[in-house]
Every structure is written in C-alpha cells, then in structure tokens.
Amino acid sequence: MTAVDTDILAVAREQVLERGEGLGQEQLLAVLLLGDDRLEELLQLAHEVRMRWCGPEVEVEGIVSLKTGGCPEDCHFCSQSGRFPSPVRSAWLDVPGLVRSARETRDTGATEFCIVAAVRGPDARLLSQVREGIKAIREDGNDIQIACSLGMLTQEQVDELVAMGVHRYNHNLETARSHFPNVVTTHTWEERWETLRMIRAAGMEVCCGGIIGMGESVEQRAEFAAQLAELGPDECTMNFLIPQPGTPYEQYEIVEGRDALRTVAAFRLAMPRPLLRFSGGRELTFGDLGTKQGMLGGINAIIVGNYLTNLGRPAAQDLEMLDDLKMPVKALNQSL
Ligand code: SF4
C-alpha cells in the first residue's frame, strides 16, 4: 500500500498508530498537502499516536544561555550571529547565575535544564565553565537532568561532556539537507550530522530538530522530517521562525497557524516515539489556543519560561494549561 493509491490518513492509522512505523518522505508530503478540511482528523491521529507510543506525560525543560551573541557562524535566522547587525549583545553568565537559573527551573517541576552557548563549538574556557557550573548545581542539591547545546563537537569534547554527567545534547540540523546551504554557509549539514553521530555513539541522548518557515518548500519539510526520522533522536525540537531584526530573515512571514499544526502532526507521524518539543516561536505562530491544539496534535514536551533571545510565556501559564489538558508533567524519577 502506498500513499498514492489510498487515503494517507488511513495508511498512517495502520502503519504508525498500529505498528509504530513512521511515515516515509513521500507519505509525509501527502500529509503536508492535506487540506484544512482534514486538519482536525490529522491532529486527532497525531494525538492518538503520541498517546499510544509515548503516553500522556509531558516533559518540561528550562533553558539558560551561558554565552549569548557574538557567534562567528552565519545561520541566517539567528540573532546571535556576530555577522548581522542584530541588537543582541555578546554576554556571559557566571556560575552563581547558572545555579540560580537551574534552581528556578527545578522549582517549576521541570526535569531537564539545558545550558546553551552561541558558539560554533566549545573552547576550553567554555567547557571549563560548563564543568564548574554542573558541579555547583549538584552542590546546590539540585538533581535536575542537565542537557547542553554548545555547537559542533570533537570526539574529545564529547567524551568530556559524558564525564561531566551531561545527559542529553542538543544540536539541530535546522532544516532539510537540500535547503541547508541557503540557510548557513559557514559550516555544513554533514558536519552537524557528524556531531550527532558521536553523541549517540557516546551514549548521550540526542536532541535534534530545527526551524520551520525559513523559505523551505513543502517538499523540503517532508524531506527534513524523513531525515530526522532516519537520525532517530530521543527528542525532536520544533521551532517556528521568529523573524529577528537585523538578520537576513527579518522580513520573512510567520508560519500560518494551521500550516504549523499540520507540520507538527506530520513530524509526529514521521517519528512516533521521541519527545516532540514545542520550542521557540510557538507564542507568535499559535498564540494560546494553538499551543493547546499542538499539545493535542502530537507534541509531548515544552520549554517553559524564556527562550534565548525572546521572552516566552510565564511558566505557570504553561503548567496550568497542562493541568487543564490532564497531561501530567513527567517526574524526574521517571526519566532517570
Ligand atoms: S551556530 Fe548557533 S548561535 Fe551561532 S549563528 Fe548558528 S544558530 Fe546562531
């Protein structure tokens, strides 16, 4: 049976929901081309897939920026690139700041705390700051799981992070392989893939996703979902472009809400099992209502509080929403 000779949602029900096998690229394209009249049905199916293969829990994560701005890379969506005249200034957070931020994150009930730095890859100074930070967070009696997002890594750096007890590493492929050269010219998609391969081989959890709305075609959205499925991340982060002043994408349009929901659902049908996390841009693309719809359309993880350079909604508002939806926040001992 293929997507072309029968209804794609009927195929997905049998293949993804019943058998747990994600849709392939051509099938994903058929999903992304479904009309608005099928959207509700699609979201319902994506929700059933999430409940069946992941369960009702929602993983909550907080993020902190250890080093902000001044990055030498030219990712065209990013206000932290030092190559564009965006208003983000270069800044470092100190160890007490990290400890405080980790404590605040833990107090929201989050189980994951991600330390992020705007760099091509970490240097010795950054890694030693991360090491000291993690040590101080533990000395503060905080047992939250720690994730890092520090750019591209060497094998030696991967090993160092494992030794520090880093549980998950975030490194986004950002977009489809065929579209990547239009988005970034200072490094390649393959270099990113290589870092992800090393992380997986070293036993850290892999978190990888990207940004929707960077001028990719609908075919490239299907391609990207299929490439992520091939990687098989433990977590996939879905961002929607926030056109940042001063960046080459500052004039791009925000992804339309229904289109964004269709994309979220398609990603869930590509990857039935990983955490699918709503990250940056959801407030702008969806507003309150759409965030709820996304949680009922395949999403099972969120970032609470503020993103790196954009303010998010207050954590309490998101936690209330999960309560309304009767979706329990995943407890720390469940994810150890
Ligand atoms: S490597 Fe990261 S921080 Fe640097 S420009 Fe690209 S997305 Fe931004």
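Me: Buried means under 20% relative accessible area, exposed over 50%, and partly exposed in between (1.4 Å probe, protein chains only). With that in hand, is Gly97 buried or exposed?

Reply: Quick background: this is a predicted model, where local features need pLDDT of at least 70, side-chain atom pairs count only at pLDDT 80 or more, and totals for chains, interfaces and linings use all residues. Residues are numbered from 1 along each chain as its sequence is written, and side-chain values use heavy atoms, with hydrogens and water left out. Gly97 sits in helix α4 (residues 95–107). Its relative accessible area is 4%, so Gly97 counts as buried.

Me: How far apart are the C-alpha atoms of Gly97 and Leu66?

Reply: Along the chain, Gly97 and Leu66 are 31 residues apart.

Me: Zooming out, how many helices and strands does the protein chain have?

Reply: Helices (H or I, at least four residues) and strands (E, at least two) are DSSP runs, numbered from the N terminus. Counted that way, the protein chain has 13 helices and 10 strands.

Me: What is the radius of gyration of the protein chain?

Reply: The radius of gyration is taken over C-alpha atoms, and the globule rule is 2.2 Å times the number of residues to the power 0.38. For 336 residues that rule gives 20 Å, and the chain's own value is close to it, so the chain is as compact as a globular protein of that length. The C-alpha atoms fill a box of roughly 55 × 40 × 35 Å along the principal axes. The radius of gyration itself is 19 Å.

Me: What share of contacts between residues at least 6 apart in sequence joins residues at least 24 apart?

Reply: Contact here means heavy atoms within 4.5 Å. Buried residues make up 58% of the 336 in the chain. As for contacts between residues at least 6 apart, the share joining residues at least 24 apart is 76%.

Me: Which side chain does the side chain of Glu59 make a polar contact with?

Reply: Glu59 belongs to strand β1 (residues 59–68), and it is buried, with a relative accessible area of 0%. Leaving out residues up to four places away in sequence, it touches several others, among them Thr111, Glu112, Glu235, Arg277 and Lys330. A polar contact is a pair of N or O atoms within 3.5 Å; within protein, one must be able to donate a hydrogen and the other to accept it, and residues adjacent in sequence count only if both atoms are side-chain atoms. At 3.0 Å, the partner of Glu59 is Arg168.

Me: Lys326 has a positive phi; what value is it near?

Reply: Most residues other than glycine have a negative phi. Lys326 lies in the loop between α12 (315–324) and α13 (332–335), and it is exposed, with a relative accessible area of 70%. Its phi is near 60°.

Me: And what phi is Glu174 near?

Reply: Glu174 is in the loop between β5 (168–170) and α7 (180–183). Glu174 is buried, with a relative accessible area of 8%. Its phi is also a positive value in a residue other than glycine, near 70°.

Me: How far apart in space are Gln220 and Ser178, C-alpha to C-alpha?

Reply: Gln220 is part of helix α9 (residues 218–231) and is buried, at a relative accessible area of 17%. Not counting residues up to four places away, it touches Ala176, Ser178 and His179. Gln220 and Ser178 are 42 residues apart in sequence, but C-alpha to C-alpha the distance is 7.3 Å.
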